[in-house]
Amino acid sequence: MKKLISKILNNDAFSNTLASIISIVLGLIVGLVVMVIFNRAGAWPGFLVMLQGGFSDGARGIGQVLYYTTPLILVGLAVGFSFQTGLFNIGVIGQFTIAAYVAIIIGGKLTMPASIHWIVALIGASLAGVIWAAVPGILKAYFRVSEIISCIMMNYIALYLVNQLVHDTHYESTTAMSAYVKKTALMPKLGLDKIFPGSTVNSGLFIAIIVAILVYILLYKTSFGYSLRCCGLNRDASKYAGINETRNIIIVMLISGFIAGLAGGILYLSAITKNYKISELFITEPGYGIPVALLGMSHPIGIIFSSLFIAYIIVGGSLMQGYGFPVETVGIITAVLIYFSAFSLVFKNKVNKFALHFSYKESQKTDSLKNE
Amino acid sequence: MQHITKIFPRIVANDDISFQLKKGEIHALLGENGAGKSTLMSVLFGLYVPDGGRILVEGEEVKISDPHEANRLGIGMVHQHFKLVQVFTALENIVLGVETTRGGVLQMEEAREKVDALSKQYGLLVDLDKKIEDMTVGMQQRVEILKMLYRDSEILVFDEPTAVLTPQEIDELIRIIKDLAAEGKSIIFISHKLDEIQQVANRCTILRKGKFIATVNVAEATNEQLSEMMVGRKVMLQVEKDEPQIGEVALHVEDLVIKAPGLSEKNKVNHVSFDVHKGEIVSIAGIENNGQHEVVMALTGLMPATSGKISLNGEDITDWSVRKRNYKHISHIPEDRHKHGLILDFDLANNFILQSFFTDKFSNHGFLNSQSIQKYSTELIKQYDIRSAKGPDTVVKSMSGGNQQKAILAREMDRSHDLLIAVQPTRGLDVGAIEYIHKQLVRERDNGKAILLISLELDEVMNVSDRILVMFNGEIVANVLPKDVSERDLGLYMLGSKVGA
């Protein structure tokens, strides 16, 4: 029995998961403290409602959690994929924004049969993400420009450019948002609206999960993925091994941009009510890419679960407003959680250390038994 | 130090070790890499908190929680890699951290007097106003020693102090250490060079795999006995090899020039030409930073040559990419195994395929063939006797230095190649592993491969190679056979004070 425990404790996947869970629990506790400071009376019931998250609203609530999960998986993958290969694509926001615009324009302006309209719009969106990511990729690969700086620049260019373009080309002045996309361009529901009536969850969820699996296969099963991970873990050794880093940097950025673009397309083609709002602020969804990737330890499968969790908290948080919490509190609590998710690695080391002492003591015991 | 125990993730680094240092004694600490020497010293300096045991200084039990506490107790250390500020003068480095000030103003004159007195007392002559960057390695080491003395250290720890010195400098250092002991200082001398231990130490404590083996009087033990205790079995100290069967020219380097980076007019490598034949081990000896590193970089394609020509088996490879050179032509055991040689976070299997992951053997239509990778790794681990807890799945980071080096060796030997470039292949390794690697190099030679060995260790150069080139200041200043030259002469070539054919 003890042996079994020690074996489980020493398992890598287990320590990863346990570390993430510890981060989450600590984050929630600190979040509760924040809530008490804001509003003592409402803190506990509000906290419970947040924890109940999507479940407090029946099938619709669960559907909404899945709906929020969809873009989070994709932006998390875009960031996590770049992390694993030693890059930091912080330009996911810009790639997402520009892709959203392309999706809206193709979906709103062109006329096509329903079976292909949304596909064309999604492809257009993804390609826009690719182009937006190519710029920092090329700058990094050939001129050693930090991708972080150039990505941030591209984010602002995307934000103001799309604001202007939406206003000039596809604008609904009564709502100060982009005009509607056509019904033919909306993501198919594939029966999800029957299971989760009243929610906007759609087939994008399946696309996101398929992309996560594909990224997993690419990274861990192909020789190309191997060379990418080499670059990510040790640049000098990759050079020594003769791996073409310049080419890898560009390809990673293109793939990452493709996934970010896909996320933007799927979100803005999800419902007739989802429109681009002209604003000085960035769209919020792609901003979750970094925390999702961190909490999921940049692993594609981990990212699916961390997206689910963050989406769950977002839905739960929106219900907290009924207990006298401003919507910003939810932001603070998710921020706290995210902050703790960055400590996952610290907790992982603690878990490993504990496991080690445990097995050491066990082996001492069995040794002394043998000696007797 | 009594019954010290320290546990790390997945390893017990010190298992109930007791170590006693007498006043005025030179006590050697001997052990293979990963035997627990560094851990024991880190415990002494308060860098690690031991999981068991206690430390007594002059009979009183002490708790050492950080290096300052160790300093206060009069324990000082000369690290293998000096901890000096390059752009400061010797004097500034010596007083750094314990400056005397009056009203916030440095009082250097008092410090100078004290340092002067110390350097006279122990015969440590150093130009106090010279900057560290302008000093030789031997001089820098003296600054480190003065630094300890300035802090009134009574217990001095030398961590492999001779690794970077020439024979002449080593003699000098041994004299200094003996003087220090004669003046009543107690000295811990960490090394795995048995000859030096014989020369300098009174007693020697041997550690193996984290366990205490014995403390012996050096005068009563032979080198063979010491190395047997250290490794746990009998070891050949001399490399056994036959006369080389020298074949045709494999590597031909002609008029190679590599410019120093930046605006400097000086060439790092200045018109160097040499050949390496099949079935021959040629070594390049020299003090660090005399152009050997750049020659290797140019040969392996990691750095472009400014001018000159490199050819292998008659083919001009000067403009080939790294991958093309790697593939079936050049194997390379790199100088820094952590930086270049391995991906520490990968497991062994993934490290074995570093240069050949894309070949048909390991890859199938772009997908890795994990079965054949596992099979290949298991074979290599068995063939080269690499100790690893989980076989091919062992994360390399968790392995000892010697086994990491064995893994690189296995990979580079097994890949098909005409030329093997080995850069300091035994650096930081213990006697057992060194013996093993030397044997493999000789075996490789006997299989008709050309081998270029770059080493800072004169023992190794003299023992292993069939021909010796010495580099000084970017040029080859000697091309000699080991039987025609003494270690002493090699030392002079390396210092540039003698030029041969």
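**Close-up 1. The side chains of B:Glu154 and B:Lys185 pair up in a salt bridge, at 3.4 Å from N to O.** A salt bridge here is a side-chain nitrogen of Lys or Arg within 4 Å of a carboxyl oxygen of Asp or Glu. This pair joins distant parts of the chain, 31 residues apart: B:Glu154 comes from the loop between helix 5 (137-150) and strand 9 (155-159) of chain B, and B:Lys185 from the loop between helix 6 (167-182) and strand 10 (186-191) of chain B. Helices (H or I, at least four residues) and strands (E, at least two) are DSSP runs, numbered from the N terminus. How accessible is B:Glu154, by relative accessibility? B:Glu154 sits at 33%, so B:Glu154 counts as partly exposed, while B:Lys185, with a relative accessible area of 8%, is buried. The cut-offs: buried is under 20% relative accessible area, exposed is over 50%, and partly exposed is in between (1.4 Å probe, protein chains only).

This is a predicted model, in which local features need pLDDT of at least 70 and side-chain atom pairs count only at pLDDT 80 or more, while totals for chains, interfaces and linings use all residues. Residues are numbered from 1 along each chain as its sequence is written, chains are lettered from A and ligands numbered from 1 in the order in which they are written, and side-chain values use heavy atoms, with hydrogens and water left out.

**Close-up 2. B:Glu25 and B:Arg203 form a salt bridge between their side chains, with N to O at 2.4 Å.** B:Glu25 lies in the loop between strand 2 and strand 3 (26-31) of chain B and B:Arg203 in strand 11 (residues 203-208) of chain B, so the pair ties together parts that are 178 residues apart in sequence. Both B:Glu25 and B:Arg203 are buried.

**Close-up 3. B:Lys211 and B:Asp15 meet through their side chains in a salt bridge of 3.5 Å, N to O.** Again distant parts of the chain are linked: B:Lys211 is in strand 12 (residues 211-217) of chain B and B:Asp15 in strand 2 of chain B, 196 residues apart. B:Lys211 is partly exposed at a relative accessible area of 45%, and B:Asp15 is partly exposed at 23%. Elsewhere in chain B, a network of salt bridges links B:Arg142, B:Glu172, B:Arg175 and B:Asp179. Over all chains, the structure holds 28 salt bridges.

**Close-up 4. Chain B meets chain A through 33 residues of chain B and 24 residues of chain A.** Contact means heavy atoms within 4.5 Å. About 2500 Å² is buried between the two chains, with carbon and sulfur atoms giving 63% of that. Buried area is the accessible area (1.4 Å probe) that two parts lose on being put together, summed over both. How many residue pairs are in polar contact between chain B and chain A? The count is 15, with both residues at pLDDT 80 or more, and there are 0 salt bridges between chain B and chain A. A polar contact is a pair of N or O atoms within 3.5 Å; within protein, one must be able to donate a hydrogen and the other to accept it, and residues adjacent in sequence count only if both atoms are side-chain atoms. On the side of chain B that touches chain A, at least two residues come from each of several elements, including strand 1 (2-8), helix 11 (337-341) and helix 14 (401-414). Helix 11 of chain B gives the most to that side, with 4 residues.

**Close-up 5. The largest nonpolar core has 89 residues, with A:Leu269 and A:Tyr276 among those with the most contacts inside it.** A nonpolar core is a set of buried Ala, Val, Leu, Ile, Met, Phe, Trp, Tyr and Cys residues joined through side-chain atoms within 4.5 Å. Leaving aside neighbours within four places in sequence, A:Leu269 is in contact with residues including A:Trp118, A:Leu122 and A:Met187. A second, separate core of 50 residues includes B:Ala28, B:Ile94, B:Ile197 and B:Ala221.

**Close-up 6. B:Gln405 is in helix 14 of chain B.** With 1% relative accessibility, B:Gln405 counts as buried. Setting aside neighbours within four places in sequence, its contacts include B:Ile333, B:Arg337 and B:Gln424.

**Close-up 7. A:Ser298 has a positive phi of about 60 degrees, although not a glycine.** A:Ser298 is in the loop between helix 13 (289-295) and helix 14 (300-319) of chain A, and counts as buried at 12% relative accessibility.
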